[in-house]
Amino acid sequence: MPGSVEPLDIGVQIPYHFRCPISLELMRDPVTVCTGHTYDRSSIESWVATGNTTCPVTRAVLTDFSLIPNHTLRRLIQDWCVANRSFGVERIPTPKQPAEPGLVKNLLNQAALESNPVHYRLSAVRRLKALSRDSEKNRVLISAQNVREILLKIVFEKSELTQSELIHESLALLVMFPLSESECLSVSSKIERVEFLVSLLFHDSVEVRVNSAAMIEMIIARTLSPEIRSVIGNISGIFEGVIGILTDPNPYPRALKIGIKALFALSLIKQTRCRAISAGAAAAIMDRLDEFDRRDAERALATVELLCRIPQGVAAFGSHALTVPLLVKIILKISDRATESAAGASAALCSASERLQREAVNAGVVTQLLLLVQSVCTERAKRKAQMLLKLLIDSWLQDYSVANSDAPMLSLFDFSSFFLHEKQNFLLFFS
């Protein structure tokens with residue numbers, strides 16, 4: 001009944017009219033429908049999205065699906081939250097209202113019209129960018145208004161110095177919207193467009209550099225032609241620019257994320273992997289590996305494995321002091337995908353160098369691999385682990401006995417005992 005209250009676990013009662021009739025929870029963004037009843041925005045939107053065309057309370061048909069913000073009720077709820085903060089109630093934030101379709105259309109028209117003064121067009125792009133950052137709903141609305149075509153034209157068909165800021169802001173907005181395969185081809189098939197993006201990788205602004213790298217990663221990932229991808233990978237400075245983002249002395253999470261995504265996409269191009277190594281990819285990845293989040297660490301390790309498929313990559317990663325210890329440490333630590341890549345890269349390195357084999361053994365790789373093949377992981381990861389174990393076992397025993405010929409008998413005894421203890425496992429893995 002109106003005016004009644006419901007108890008909360010926190011020891012305070014929420015007035016009935018502050019609760020959404022659908023979710024029965026405290027409304028955070030109350031909106032009123034054409035029948036005059038108020039609901040929380042997310043609840044009524046979900047109700048309508050599932051095909052309902054009636055008012056949940058009255059069951060009357062909704063003749064208009066407009067949602068009118070109930071500012072008065074929202075302020076009352078906020079005041080109630082403040083009054084009850086001693087009970088642990090947090091004040092609901094004032095919600096940002098979704099963009100109006102008419103406003104979005106007008107802003108896009110203002111940005112697209114070349115006869116408009118540059119500062120008008122720039123203001124329109126910045127407002128669109130702010131709206132896009134506010135919510136996913138705004139991005140969907142803006143995306144439906146042909147925004148990608150407009151922004152592609154601004155970014156690539158004008159290069160006057162007076163419009164550079166407009167281009168940079170348009171690029172920042174453009175990377176928020178995934179391009180279709182045909183749109184990516186419209187960029188990647190015109191070498192001068194990609195060269196322009198590469199030039200932005202060396203801009204003074206880190207945001208411009210990161211947005212350019214994001215655009216480059218997007219077009220490589222969605223361009224299917226091997227020939228075009230190879231041409232992109234051979235553009236002068238492209239690897240140096242992308243790796244420069246990773247080696248920036250003051251990196252931030254988005255820069256690291258975009259940098260490793262772009263480097264991974266470029267490393268998928270077989271013909272140009274040597275260029276990645278020459279540009280310093282090995283040091284850039286290994287020096288930042290501990291700073292990546294889980295998904296980006298997977299990309300980084302996949303990139304290491306790709307680059308270790310060429311001799312230059314093996315030499316570069318093998319000469320970096322952190323490579324072997326970090327690869328061994330990561331096995332079984334991050335995810336199945338990361339483990340698989342770490343094992344594959346370790347196998348490539350150890351296949352090329354006895355020194356790296358010894359480093360891996362000293363870092364505890366054998367124990368890690370034994371645990372790996374007995375764990376629930378991908379078959380590919382197990383195969384790579386078994387291959388690496390087979391590679392290591394002979395040199396492991398030989399190198400240990402030679403290196404410790406003058407060592408105390410206790411050390412040799414401990415080693416022999418360990419080997420005998422694991423003998424059945426080795427025989428099982430190598431069968």
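Trainee: Is the crossing of α9 and α10 left-handed or right-handed?

Mentor: The model is a predicted one. In it, the axes of α9 (residues 191-200) and α10 come within 8 Å and cross at roughly 145 degrees. The handedness of this crossing of α9 and α10 is left-handed.

Trainee: Into which classes do the residues of the contact of α9 with α10 divide?

Mentor: From α9 the contact takes Val-194, Leu-197, Val-198 and Leu-200, and from α10 it takes Val-208, Arg-209, Ser-212, Met-215, Ile-216 and Ile-219. Sorted by class, the residues of this contact are eight nonpolar, one polar and one charged.

Trainee: Helix α8 also packs against α10. Is α8 roughly parallel or roughly perpendicular to α10?

Mentor: Helix α8 spans residues 181-188 and α10 spans residues 206-221, and their axes are 8 Å apart. The angle at which they pack is about 115 degrees. Angles of 65 to 115 degrees fall in one class, and therefore α8 is, relative to α10, roughly perpendicular.

Trainee: Which residues of α10 does α8 meet, and how many residues of the contact are charged?

Mentor: The crossing of α8 and α10 is left-handed. On the α8 side the residues are Cys-184, Val-187 and Ser-188, which meet Met-215, Met-218 and Ile-219 in α10. The residues of the contact of α8 with α10 comprise five nonpolar and one polar, and the number of charged residues is no charged at all.

Trainee: Which elements are included in what covers the buried residues of α7?

Mentor: Helix α7 covers residues 164-174, and nine of its eleven residues are buried, so the helix is largely enclosed by the rest of the structure. Among the buried residues of α7 are His-168, Glu-169 and Ser-170, together with Leu-166 and Leu-174. The cover over the buried residues of α7 includes α4 (118-134), α6, α9 and α10.

Trainee: Turning to the strands, which of them stand at the edges of the open sheet?

Mentor: Three strands form the sheet in the order β4-β3-β5, with antiparallel pairing. Each edge strand has a single partner strand, so one side of each is left without a neighbour in the sheet; these strands are β4 (38-40) and β5 (68-69).

Trainee: Which residue in β4 is the bridge partner of Thr-32?

Mentor: Strand β3 (residues 30-32) runs antiparallel to β4, and three bridges join the two. For Thr-32, the bridge partner in β4 is Thr-38.

Trainee: What angle does the direction of helix α1 make with that of β4?

Mentor: Helix α1 (residues 41-49) packs on the sheet, where it touches β3, β4 and β5. Its direction makes with that of β4 an angle of about 95 degrees.

Trainee: Is Asn-138 buried or exposed?

Mentor: Asn-138 is found in helix α5 (residues 136-143). Contacts of Asn-138, not counting residues up to four places away in sequence, are with Pro-98, Ala-99 and Leu-131. Its relative accessibility is 1%, and because buried means under 20%, Asn-138 counts as buried.

Trainee: What is the C-alpha to C-alpha distance between Thr-247 and Arg-288?

Mentor: Thr-247 has its place in the loop between α12 (238-246) and α13 (253-267), and at 44% relative accessibility it counts as partly exposed. Not counting residues up to four places away in sequence, Thr-247 touches Ala-284 and Arg-288. Although Thr-247 and Arg-288 are 41 residues apart in sequence, their C-alpha to C-alpha distance is 8.1 Å.

Trainee: What is the value of phi for Arg-59, and where is this residue found?

Mentor: Arg-59 is found in the loop between α1 and β5. With 54% relative accessibility, Arg-59 counts as exposed. Its phi is positive in a residue other than glycine, with a value near 65 degrees.

Trainee: Asn-146 has a positive phi as well. Which loop holds Asn-146?

Mentor: Asn-146 is not a glycine, and its phi is about 65 degrees. At 41% relative accessibility, Asn-146 counts as partly exposed. Asn-146 lies in the loop between α5 and α6 (147-157).

Trainee: Finally, what percentage of the residues in the protein chain is buried?

Mentor: The protein chain has 24 helices and five strands. Of its contacts between residues at least 6 apart in sequence, 64% join residues at least 24 apart. Of the 431 residues in the protein chain, the buried share is 47%.

Technical notes:
Residues numbered from 1 in each chain as written. Predicted model: local features only at pLDDT ≥ 70, side-chain atom pairs only at ≥ 80, totals over all residues. Heavy atoms only, no water. Axes fitted to C-alpha atoms, helices over the stretch in contact; angles between N-to-C directions. Helix = DSSP H or I, 4+ residues; strand = E, 2+ residues; numbered from the N terminus. Parallel < 35°, antiparallel > 145°, perpendicular 65-115°, else oblique. Left-handed = near helix turned anticlockwise from the far one by under 90°. Contact = heavy atoms within 4.5 Å. Nonpolar A, V, L, I, M, F, W, Y, C, P; charged D, E, K, R; others polar. Pairing = 2+ DSSP bridges. Buried < 20%, exposed > 50% of the residue type's maximum accessible area, 1.4 Å probe, protein only.
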